[in-house]
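This briefing goes through a single chain for a reader who wants the criteria stated beside the values. Please keep the sequence and the coordinates in view while reading.

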Amino acid sequence: FYQQSLLYCAYLIFASVLIVTGKYLVGKVGREKLFYGMATGFALGALAQCVSGLLQWQGVVMPGFTPLLHGRGIYGNLAQQNNLTDYLWLGGLSLT
């Protein structure tokens, strides 16, 4: 299956682009500012996910922000509970 080989190549290209972009940003703004910006982004994103989860839990549907709750539990705007949990942990840990 050549599609799998192409997918692996795409992953390698994407990883390479991330490495080059990270190196460029560290050189441009500095490591401390870059880490602070990423931590702030994770914290604000986690806050938005908390709001989305609370709205889902209360039954409020806002198209484009809070998807309709179906199944068990809340899942925020990420459509999977495990992804929501991971993102909330990232947001919480970025506050430290």
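Helices (H or I, at least four residues) and strands (E, at least two) are DSSP runs, numbered from the N terminus, and by that convention Leu-55 has its place in helix 2. This is a predicted model, in which local features need pLDDT of at least 70 and side-chain atom pairs count only at pLDDT 80 or more, while totals for chains, interfaces and linings use all residues. Residues are numbered from 1 along each chain as its sequence is written, and side-chain values use heavy atoms, with hydrogens and water left out.

**Helix dimensions and the residues that follow**

- Helix 1 has 28 residues and reaches 40 Å from its first C-alpha to its last, close to the expected 40 Å at 1.5 Å a residue, where the expected span of a helix is 1.5 Å times one less than its number of residues.
- Helix 2 also has 28 residues and reaches 41 Å between its first and last C-alpha, which is close to the expected 40 Å.

**Packing of helix 1 with helix 2**

- Helix 1 (residues 2-29) and helix 2 (residues 31-58) pack at an angle of about 115°, with their axes 7 Å apart; axes are lines fitted to C-alpha atoms, for helices over the stretch in contact, and angles run from 0 to 180 degrees between N-to-C directions.
- The two helices are therefore roughly perpendicular to each other, given that angles under 35 degrees count as roughly parallel, over 145 as roughly antiparallel, 65 to 115 as roughly perpendicular and the rest as oblique.
- Gly-22, Leu-25, Val-26 and Val-29 of helix 1 meet Arg-31, Lys-33 and Leu-34 of helix 2, contact being defined as heavy atoms within 4.5 Å.
- The residues of this contact comprise 4 nonpolar, 1 polar and 2 charged, where Ala, Val, Leu, Ile, Met, Phe, Trp, Tyr, Cys and Pro count as nonpolar, Asp, Glu, Lys and Arg as charged, and the others, Gly among them, as polar.

**Burial along helix 2**

- Leu-34, Ala-43, Gly-45, Ala-46, Gln-49, Ser-52, Gly-53 and Gln-56 are the buried residues of helix 2; buried means under 20% relative accessible area, exposed over 50%, and partly exposed in between (1.4 Å probe, protein chains only).
- The cover over the buried residues of helix 2 includes helix 1 and helix 3 (81-93).
- Gln-49, in helix 2, is buried because its relative accessible area is 10%.
- Leaving aside neighbours within four places in sequence, Gln-49 is in contact with Gly-76, Asn-77, Leu-78, Leu-84, Tyr-87 and Leu-88.

- Leu-55 touches Val-60, Met-62, Phe-65 and Thr-66, not counting residues up to four places away in sequence, and its C-alpha is 7.0 Å from that of Thr-66, 11 residues apart along the chain.
- Val-29, found in helix 1, counts as partly exposed because its relative accessibility is 41%.
- Trp-57 lies in helix 2 and counts as exposed, at 60% relative accessibility.
- Val-29 and Trp-57 are 28 residues apart in sequence and 40 Å apart from C-alpha to C-alpha, while the C-alpha atoms of Trp-57 and Lys-23, 34 residues apart along the chain, are separated by 41 Å.

**Cysteines**

- A search of the whole structure finds 0 disulfides, a disulfide being a pair of cysteine sulfur atoms within 2.5 Å.
- Cys-9 counts as partly exposed at 42% relative accessibility, and Cys-50 is partly exposed with a relative accessible area of 36%.
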